[in-house]
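My entries follow in the order of the look-ups.

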Amino acid sequence: MGKQIVRSADSIGANIAEGVGRGTYQDNRRFVKIARGSLYESQRWLRRAYTRNLLNVQQVNTFTAIINDLAHSIKLIPTIYRVIP
């Protein structure tokens with residue numbers, strides 16, 4: 001489970017970077033959607049880890065804050081890209 005959490009979390013940033021590197025708004029938008037899917041997958045794995053008592057409440061709260069910041073940032077990426085080609 002730990003490896004899966006790491007893989008899904010790493011995939012968020014990798015897909016954002018790949019989308020920006022593609023050079024078009026459409027490609028960037030597509031990869032941001034993939035990054036959002038990886039974010040949701042990370043949330044799912046973290047919930048599962050908490051349910052199995054692998055994470056405590058403090059750890060979950062820390063991860064929740066990070067995930068919420070990422071979710072907000074992912075929503076802004078296509079807008080930022082449109083303004084700054």
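I call a residue buried under 20% relative accessible area, exposed over 50%, and partly exposed in between (1.4 Å probe, protein chains only).

I noted that this is a predicted model, in which local features need pLDDT of at least 70 and side-chain atom pairs count only at pLDDT 80 or more, while totals for chains, interfaces and linings use all residues. Residues are numbered from 1 along each chain as its sequence is written, and side-chain values use heavy atoms, with hydrogens and water left out.

Entry: the core. I found that the largest nonpolar core has twelve residues: I5, I12, I16, V32, A35, L39, W45, L46, A49, L55, I67 and I74. Helices α1, α2 and α3 each supply at least two residues of this core; I take helices as DSSP runs (H or I, at least four residues), numbered from the N terminus. The largest share, six residues, comes from α2.

Entry: helix α2. The 27 residues of α2 should span 39 Å, and its end C-alpha atoms are 39 Å apart, so the two agree. I listed the buried residues of α2 as N28, F31, V32, A35, S38, L39, S42, Q43, W45, L46 and A49. Just after α2, I saw that N53 takes a positive phi of about 60°.

Entry: S42. I located S42 in helix α2 (residues 25-51). Is S42 buried or exposed? S42 counts as buried because its relative accessibility is 5%. Leaving out residues up to four places away in sequence, I found S42 in contact (heavy atoms within 4.5 Å) with I5, S8, A9 and I12.

Entry: Which residues does I12 touch, not counting residues up to four places away in sequence? I recorded A35, S38, L39, S42, L70 and I74. The C-alpha atoms of I12 and F31 are separated by 9.3 Å, and these residues are 19 residues apart along the chain.

Entry: I66. I found I66 in helix α3 (residues 57-83), where I66 is partly exposed at a relative accessible area of 44%.

Methods: A nonpolar core is a set of buried Ala, Val, Leu, Ile, Met, Phe, Trp, Tyr and Cys residues joined through side-chain atoms within 4.5 Å. The expected span of a helix is 1.5 Å times one less than its number of residues.
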